[in-house]
Amino acid sequence: MTTLQEPATSPEIGGIGHSVKRQEDDRFIQGGGTYVDDVVLPNMAHMAILASPFAHAEIKSIDTAAAAAVPGVIAVVTGELLAEHNLAWMPTLSGDTQAVLATDKVRFQGQEVAAVIAEDPYVARDAVLLIDVDYEPLAPITSPQQGLEPDAPIIRTDKEDQTDNVVYDWEAGDEAATDAAFAQAVNVVELETFYPRSHPAPLETCAVVADLNPITGKATIYLTSQAPHAHRTLFALVAGLPEQNIRIISPDIGGGFGNKVPIYPGYVVATAASLLLGRPVKWVQTRTENLLTTGFARDYHMKGALALDADGRITAMRAEILSDQGAFFADAQPSKFKAGLVHICTGSYDMGAAHVKARGVYTNKAPGGVAYRCSFRVTEASYLIERLADNAAHQIGMDPAAFRMLNFIKPEQFPYESATGFVYDSGDYHTALQKVLDEVDYENLRKEQEDARAEGRYLGIGIASFTEVVGAGPSRDYDIIGLKMFDSAELRIHPTGKAILKLGVKTQGQGHETTFAQIVAEELGIPSTDIAVQEGDTDNTPYGLGTYASRSTPVGGAATAIIARKLRDKARLIAAHLLEANPDDLEWEPGRFFVKGSPDQGSTIQEIAFAAYTNHPEGMEAGLEGVHYYDPPNMTFPFGSYLVVVEVDPETGTWKVDRMVALDDCGVRINPMIVEGQIHGGLTEGFAKSNMQWLTFDEDGNCIGSNFMDYLVPTAYETPKFELLETVTPSPHHPIGAKGVGESPTVGSPAAYVNAVIDALRPFGVTTLDMPILPDRVWAAVKAAD
Amino acid sequence: MEVNVTINGAARTAEVEARTLLVDFIRTNLSLTGTHIGCDTTSCGVCTVLLDGTPVKSCTMFAFQADGHEIQTVEGLKNGELHPIQAAFKEEHGLQCGFCTPGMMLVGKALLEENLNPTDDEVRWAISGNLCRCTGYMNIVKAIQTAGAELSAAESGATA
């Protein structure tokens with residue numbers, strides 16, 4: 001199964017397997033990127049938003065007179081005004097409703113209450129401060145446990161049928177079979193852990209420039225959007241605008257990580273304001289607005305248990321999840337899966353039964369639940385099973401690596417149907433972990449750890465062997481509020497043999513302009529530098545569901561390969577016409593058809609492209625263009641094994657990473673340089689969550705972490721150095737065998753870091769710690785265990 | 001009030017309010033949008049420019065404080081050819097979304113003016129006021145070191 005990867009094309013063609021330098025870099029390194037805030041339109045007005053200081057309060061009155069009187073203010077917008085246009089509420093991506101501007105009460109700190117449109121952004125901010133809102137504070141609910149208390153105030157009083165704070169109850173797997181396995185277990189391993197709220201915090205905040213042309217009725221909306229086509233449809237549904245008159249342009253995006261999947265109230269208000277005023281309106285979030293109001297991630301309270309037999313084999317798993325959803329259920333995830341894909345929590349292990357129960361609860365915190373560099377809650381799932389695996393090994397006195405080797409799904413079991421119903425496409429977990437163990441000389445490392453302990457130094461070794469599930473998805477199971485999760489590619493080969501590839505996905509730094517061109521180069525032999533990739537403009541690209549959940553390569557990449565193959569089939573017919581040969585007598589080599597047995601008698605793809613417009617066979621449609629919509633038959637299942645070595649100072653509670661060895665198997669690597677870059681970034685975000693990055697709240701619902709002084713993200717100085725390894729196990733159902741990689745390291749690595757710190761502290765009797773592992777938590781755990 | 005600066009070698013003047021931040025002056029009044037805004041608290045560094053050769057965060061200065069000074073932004077790095085730091089960022093895959101890149105390159109350039117051969121730790125310290133959410137920094141460090149080696153080779157070539 002595991003293969004080594006050799007490029008089939010020359011470096012000049014730059015197909016799959018070449019580390020082609022990125023086409024998009026030329027503009028970025030010269031300051032020539034165009035992000036939404038760089039868009040300036042004639043007569044453009046600027047918007048600022050008034051945020052609620054309270055987490056939960058009734059709105060008694062809003063007085064906008066003083067704000068409206070500020071010279072330079074054009075309009076003040078309130079929820080009341082929006083309500084007149086039926087725009088005070090909007091649907092969320094999970095089919096709930098969310099206030100655009102609050103009318104009845106505010107439900108989280110930072111919630112949008114009113115907006116000022118002014119000639120100048122400074123004036124807009126001045127005027128916002130003059131809006132006088134009379135609030136009647138209500139008791140806030142700051143945890144799901146509190147939200148479930150019998151006398152808890154109901155947050156969603158706007159929903160007639162809502163009699164408590166429960167958002168959903170959801171389950172997967174077989175409860176009876178799981179109970180039976182647990183009843184027979186020789187050992188049961190339990191873990192209760194909290195995966196704290198985190199925020200993706202891309203460096204570019206969310207922004208919009210809405211331009212509704214009062215004469216033509218055309219709405220051109222520049223948007224920080226990971227899913228421009230889906231957003232266009234939502235704008236059509238929410239604002240009642242005819243869809244053909246809406247053009248979403250998602251230009252360069254300064255990082256997304258899931259944060260730019262939802263639609264935010266500011267987008268809707270700016271669009272409504274542009275409609276009412278007849279001029280373009282720009283809104284750019286402040287960092288505080290970004291952290292306070294936009295898509296958070298995680299916030300999962302998890303209980304997990306493994307049933308083990310006498311040999312240490314896992315026979316079953318139970319997971320019980322309590323999810324803090326915030327004030328509106330705005331998870332960006334497939335409608336069928338209320339708790340995302342958390343039921344992938346059996347991970348890399350073969351077991352007969354599993355049962356997952358999940359409950360979502362409204363709280364007075366920001367809505368979101370986005371898949372932060374993650375495929376719909378797979379990060380939480382992976383964290384739970386990998387923490388449990390370590391605890392299980394220690395509980396039965398087995399080495400954590402040996403425990404994993406014993407329980408891994410075996411290569412010959414693929415395709416493997418998991419106890420919760422996923423069909424894993426391919427994998428070789430033993431080889432992956434073994435390679436990592438060999439790299440660090442694991443046995444010797446354990447000995448070093450022993451020796452260090454004797455000297456009073458506390459080294460810890462943490463392993464995580466994750467399996468991800470990405471590439472949503474087969475449309476029979478996967479949709480976002482009804483929109484099926486296929487994706488598309490349109491390829492236009494011009495007469496001179498150069499090409500434009502148009503996609504329904506949308507890059508935010510992943511390098512699509514390079515990698516997708518490489519897929520075409522692989523299939524057609526056109527040099528990748530002769531191919532321009534276009535994304536993000538809904539007027540000029542085919543429909544697709546966008547880029548998140550590592551779905552671009554699995555779905556958009558497959559669409560690209562298939563449309564290129566379809567055009568190659570047509571190219572064969574044109575070549576046969578040019579060569580006066582039977583199409584079946586032609587052979588293909590990268591960039592050229594030739595007559596079998598006569599290699600000098602051939603036509604290059606460039607010659608064929610020219611003929612498609614100048615000399616195509618009679619009876620054939622002219623041109624060499626086409627579009628393909630790809631509906632994947634299955635998800636893809638990237639995997640890997642990570643090993644972290646840390647040293648912990650139990651006196652101060654600080655810890656540092658000595659080594660981070662990461663093996664990723666994402667199937668076929670289109671551009672190894674870009675894949676490694678994605679892994680570096682993901683490992684850093686995993687480190688961030690384990691070490692410092694969390695979004696927390698006080699008992700009044702005030703967000704502690706509303707700026708980059710309080711919400712810490714790692715600098716170069718804290719970030720560890722990474723050692724990367726790879727195996728290549730192609731996806732059998734993907735046209736080029738690729739699986740997706742951007743999120744694997746964020747999914748897999750947090751457990752490795754945490755397991756390492758706990759491993760270092762086991763001599764003190766420490767068995768659990770929650771993220772982020774701050775020095776005071778380490779210090780307290782050591783003291784408590786003493 | 002009137003603010004006069006020399007930016008990327010050209011004299012520019014604009015009439016602004018006293019409270020106008022340098023970053024807004026550069027982006028709005030001078031229409032140089034390669035300098036970005038990311039945080040408002042001097043934490044992220046995407047607004048970094050060189051003021052008389054020294055990296056400053058332009059979101060934390062008023063435009064008038066730059067009056068009479070020389071500013072370099074990302075738009076001024078290329079001088080006919082790409083500056084070695086620009087070439088190295090592409091070569092070493094030192095950028096992904098590109099949002100932090102202008103600031104990172106300018107800080108890297110300033111570091112290399114003092115030290116053409118910085119260690120990994122020295123680079124990491126120098127760029128620790130600039131955040132990147134995409135790359136994990138390893139390739140940024142490599143890019144700055146590669147540019148240093150390039151500049152160093154050019155220097156010794158020039159003196160040989």
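Start by picking A:Glu647: across from this residue, in E31(A), sits A:Lys656. Keep in mind that you're looking at a predicted model.

Now widen the selection to the two strands, E30 (residues 639–648) and E31 (residues 655–665) of chain A. They pair in the antiparallel sense, over 10 bridges.

You now have an open sheet of four strands with mixed pairing, in the order E20-E30-E31-E34. Which strands stand at the edges? Those are E20 (458–467) and E34 (723–726) of chain A; each has a single partner strand, so one side of each has no neighbour in the sheet. On average, neighbouring strands here are turned by 15° against each other, direction ignored.

Time for some helices. Select H15 (residues 552–579) and H16 (residues 605–614) of chain A, whose axes come within 9 Å and cross at roughly 85°. H15(A) and H16(A) are therefore roughly perpendicular to each other. Show side chains where they meet: H15(A) brings A:Ala571, A:Ile574, A:Ala575 and A:Leu578, while H16(A) brings A:Ile605, A:Glu607, A:Ile608, A:Ala611 and A:Ala612. By class, that contact has eight nonpolar residues, one charged and no polar ones.

Finally, zoom out and colour domain 1 (25–33 + 487–630) and domain 2 (36–138 + 205–253 + 260–293) of chain A. Their C-alpha centres lie 40 Å apart, and the contact takes 21 residues from domain 1 and 20 residues from domain 2. Together the two domains bury about 1600 Å², 47% of it on carbon and sulfur atoms. Last stop: A:Lys506, A:Thr538 and A:Tyr543, which lose the most area on the domain 1 side, together 37% of what that side buries.

How values were computed:
Residues are numbered from 1 along each chain as its sequence is written. Chains are lettered from A and ligands numbered from 1 in the order in which they are written. This is a predicted model: local features need pLDDT of at least 70, side-chain atom pairs count only at pLDDT 80 or more; totals for chains, interfaces and linings use all residues. Side-chain values use heavy atoms; hydrogens and water are left out. Axes are lines fitted to C-alpha atoms, for helices over the stretch in contact, and angles run from 0 to 180 degrees between N-to-C directions. Angles under 35 degrees count as roughly parallel, over 145 as roughly antiparallel, 65 to 115 as roughly perpendicular and the rest as oblique. Contact means heavy atoms within 4.5 Å. Ala, Val, Leu, Ile, Met, Phe, Trp, Tyr, Cys and Pro count as nonpolar, Asp, Glu, Lys and Arg as charged, and the others, Gly among them, as polar. Two strands pair if DSSP finds at least two bridges between them. Domain bounds come from an automatic or database domain assignment. Buried area is the accessible area (1.4 Å probe) that two parts lose on being put together, summed over both.
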